[in-house]
Amino acid sequence: MTQRTTDVVVIGAGAAGMMCAATAGARGRSVVLIDHATRLAEKIRISGGGRCNFTNLDVRPECYLSRNPHYCKSALARYTQHDFLKLMARHGLSWHEKTLGQLFCDQGSGAVIDLLKAEVDEGGATWRMGTSVTAVRRLDDGFEVTTPGETWHCASLVIASGGLSIPQIGATGFGYELARQFGLEIVPTAPALVPFTFQPEDLREELAGVAVDDSIVATGRTQFREATLFTHRGASGPAMLQISSYWQPGQPVVIDLLPERTLDELLADANRDALLANVLADALPKRLAQAIVAGLGDNKPLKQYSAKALRSLEDSLKRWQVVPSGTVGYKKAEVTRGGVDTAGLDSRSMMARTVPGLFFIGEVVDVTGWLGGYNFQWAWSSGFAAGSAA
Ligand code: FDA
């Protein structure tokens, strides 16, 4: 077993870990970056359909879920989306906005990984990919991190091992276990930004694959207006993924499939001799229009529907309530909600209040962003904060 010494050990060479290692390295700190994966930053690679939605023009603390909604403010203010854009420009990368301020890299997600790797190398960090951590011990003057071939003695230890989503590419609960080892609390974790599954009675097989471009999906007092996609198992699409982060098991999800208009407005100009499904198909995908009318009974000319039947139609269209049976879980979730409780961390440095020198950054922390580049921005901002202090 080789004994080595370094200023900082970062466990997890993903988005947050690389940003932290680069920042600490640029300050002249010696850094070792340890990751059990053999391929670097797979989550960045697969993100944004291979184009990496690396940040959002409209980053605000309100776009993050956390037991303490104020925790993310300091880090987000000190390293903003514009700071990351400057970094991209310095590396000759360009970007485009898709929708709702979401920025994607023109050169693809591989270019974002190359950028981060170049920054880490510039800071002189030592890489240990394909290396697992077998033990972590606190010493009087820092920590001892043991891997199969080496023992690293460091003053600062940064945990950037991410959440539980997509275990197939190396996600583990390492960060939570380590937090518990050092007496930190964990806010219960759950898959987030994840498709819903429906009970058999709510599943409409004929709707699988139908997309509604504009819908409002709500749970409790939270709602999102984006597209909904019906699937073989339930529902997905941006609006559903967003609301899944706020959903608690047993709660209903309410869907407005026609946010732009009331039913009265839709029917006002309609031909009263036309079949109802055809009238609805002017505003909705045809298969959805047919399924909604089938839920009311036979497809009849509009004029044959009673006022009561039309009110029931309005409920199906604008207040469709469903209690999901669950979600498709961590295998498909974009992120993990919950994590290391921020009550135990300092919001400026990300350091554990009761364990000087121990830092938690990125997704392992109880800070979860909306869909749309917010999670990578949290990784950059929290990585920068810890890298400036470790
Ligand atoms: P991240 O998961 O990136 O890195 C953690 C690292 O720790 C990994 O390299 C892992 O191998 C390593 N590790 C884990 N356990 C370990 C152990 N025991 N020992 C050593 N190493 C260990 N976000 C966004 O803003 N825009 C987007 O477009 C997308 N798209 C997207 C698509 C898909 C399919 C997914 C699954 C996720 C996204 N995300 C996203 C979310 C985003 O990928 C995520 O929030 C960040 O990668 C989190 O960064 P971290 O550095 O915290 O963890």
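Where does Leu100 lie? Leu100 is in the loop between strand 5 (95-97) and strand 6 (102-105).

## About the model

This is a predicted model, in which local features need pLDDT of at least 70 and side-chain atom pairs count only at pLDDT 80 or more, while totals for chains, interfaces and linings use all residues. Residues are numbered from 1 along each chain as its sequence is written, and side-chain values use heavy atoms, with hydrogens and water left out.

Helices (H or I, at least four residues) and strands (E, at least two) are DSSP runs, numbered from the N terminus.

Let us return to the opening residue. Leu100 has a phi near 50°, a positive value in a residue other than glycine. Most residues other than glycine have a negative phi.

Leu193 also has a positive phi, about 50°, although it is not a glycine. Leu193 sits in the loop between strand 11 and strand 12. With a relative accessible area of 2%, Leu193 is buried; here buried means under 20% relative accessible area, exposed over 50%, and partly exposed in between (1.4 Å probe, protein chains only).

## Helix 4 against helix 5

Two packed helices are described by the angle between their axes and the distance between the axes. For helix 4 (residues 81-90) and helix 5 (residues 109-122), the axes come within 11 Å and cross at roughly 90°. Axes are lines fitted to C-alpha atoms, for helices over the stretch in contact, and angles run from 0 to 180 degrees between N-to-C directions. Helix 4 and helix 5 are therefore roughly perpendicular to each other (65 to 115 degrees; under 35 counts as roughly parallel, over 145 as roughly antiparallel and the rest as oblique).

Helix 4 brings Phe84, Leu87, Met88 and Arg90 to the contact, and helix 5 brings Val112, Leu115 and Glu119; contact means heavy atoms within 4.5 Å. These residues divide into five nonpolar, no polar and two charged. In this count, Ala, Val, Leu, Ile, Met, Phe, Trp, Tyr, Cys and Pro are nonpolar, Asp, Glu, Lys and Arg are charged, and the others, Gly among them, are polar.

## Aromatic pairs

Phe84 turns up again among the aromatic residues. The structure holds 13 aromatic pairs. Rings of Phe, Tyr and Trp (its six-membered ring) pair if their centres lie within 6.5 Å; planes under 30 degrees apart count as stacked, over 60 as edge-to-face and the rest as tilted. The rings of Phe84 and Trp380 have centres 4.3 Å apart and planes at 5°, so this pair is stacked. Phe84 belongs to helix 4 and Trp380 to helix 12 (residues 374-387), so the pair ties together parts that are 296 residues apart in sequence. Phe84 is buried at 0% relative accessibility, and Trp380 is buried with a relative accessible area of 0%.

Next comes a pair with another geometry. Phe143 and Phe182 have ring centres 6.0 Å apart and planes at 80°, so the pair is edge-to-face. Phe143 lies in strand 9 (residues 142-146) and Phe182 in the loop between helix 6 (174-181) and strand 11, so parts 39 residues apart in sequence are tied together. Phe143 counts as buried at 0% relative accessibility, and Phe182 counts as buried at 13%.

Phe84 and Trp380 also belong to an aromatic cluster with Phe54, Trp95 and Phe376.

Seven strands form an open sheet in the order 17-16-13-14-15-12-18, with antiparallel pairing. Two strands pair if DSSP finds at least two bridges between them. Strand 17 (320-322) and strand 18 (326-327) stand at the edges with a single partner strand each, so one side of each has no neighbour in the sheet. Within the sheet, strand 12 (residues 196-197) and strand 15 (residues 234-236) pair in the antiparallel sense over two bridges, and Thr197 stands opposite Gly234 in strand 15. Helix 11 (residues 307-318) lies across strand 16 (253-256) and strand 17, running at about 105° to strand 16.

Another antiparallel pairing links strand 11 (residues 186-192) to strand 19 through five bridges, with Val187 opposite Gly339 in strand 19. Six of the six residues of strand 19 (residues 335-340) are buried, so strand 19 is largely enclosed by the rest of the structure.
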